[in-house]
Amino acid sequence: MRTVEPAQLSRFLPPEDGGGRQSAVLILFGEGERGPELLLMERASSLRSHAGQPSFPGGALDPEDGDPGTVGPLRAALREAQEETGLDPRGVQLFGVLPKLYIPVSGFVVTPVLGWWRDPSPVDVVDPGETARVFTVPVADLTDPEHRAMAVHPRGHKGPAFIVESALVWGFTAGVIDRILHYAGWERPWDTEKLVPLDWHA
């Protein structure tokens, strides 16, 4: 966290003019039956942005979250995760943040917040209008070459993807997971020529 540069995580970086909507996501690792695992959710298909996509819990900062440059993203990540998955934030130990990234299609400036699920609590869909599914993915599955591919968007651009837990994880979420696996030293060689097309609604 202390040494990684923004460009090492994504080519999409926040606008230099300070534009974009401040938001945060919780990248929460815990210990599962098969070793370390990662908490993910699937966004409701009715949402205006990123509908139906697997994602980290998270969302926009609210004024009560505080300063976007200090504690705001930490508070927002925990608050949103609790609202979306029902987790008990008291069982989460936050370690810090990764550099702010940008999602051009929705205009969000995203702070990834890293946490350890020290005392896991039950999680599930809280509001079906916001979340379709909540699930965990073993890190062993994320690093398995058989579960990795390159997602091909209808407009032609490609990005890392993971085929896990009956879901295709792609876009911003998959890109961040890919870089975390790489810099954590967990990445295994995989076939970057294996392509998975996205449909026109992606």
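Entry 1, burial of Phe29. I looked up Phe29 and found a relative accessible area of 13%. That is under the 20% cut-off, so Phe29 is buried. I am reading a predicted model here, and I keep that in mind for every entry.

How many aromatic pairs does the count come to? I get one aromatic pair. Its partners are Phe29 and Trp186, with ring centres 6.0 Å apart. Their planes stand at 80°, so I log the pair as edge-to-face, given that angles over 60 degrees go into that class.

I placed Phe29 in strand S1, residues 21-32. Trp186 belongs to the loop between helix H4 (171-183) and strand S12 (195-197). The two are 157 residues apart, and the pair links distant parts of the chain. Is Trp186 buried, partly exposed or exposed? With a relative accessible area of 39%, Trp186 is partly exposed.

I checked Arg133 next and found its charged end over the ring of Phe135. The distance to the centre of that ring is 4.2 Å.

I found Gly59 in strand S4, which covers residues 58-60. Its relative accessible area is 17%, so I note Gly59 as buried. Which residues does Gly59 contact, leaving aside neighbours within four places in sequence? I list Ser23, Ala24 and Glu80. I also looked up Arg43: from Gly59 it is 16 residues away in sequence, and the C-alpha to C-alpha distance is 11 Å.

Terms used:
Residues are numbered from 1 along each chain as its sequence is written. This is a predicted model: local features need pLDDT of at least 70, side-chain atom pairs count only at pLDDT 80 or more; totals for chains, interfaces and linings use all residues. Side-chain values use heavy atoms; hydrogens and water are left out. Rings of Phe, Tyr and Trp (its six-membered ring) pair if their centres lie within 6.5 Å; planes under 30 degrees apart count as stacked, over 60 as edge-to-face and the rest as tilted. Helices (H or I, at least four residues) and strands (E, at least two) are DSSP runs, numbered from the N terminus. Buried means under 20% relative accessible area, exposed over 50%, partly exposed in between (1.4 Å probe, protein chains only). A charge sits over a ring if NZ of Lys or CZ of Arg is within 6 Å of the ring centre and within 35 degrees of the ring normal. Contact means heavy atoms within 4.5 Å.
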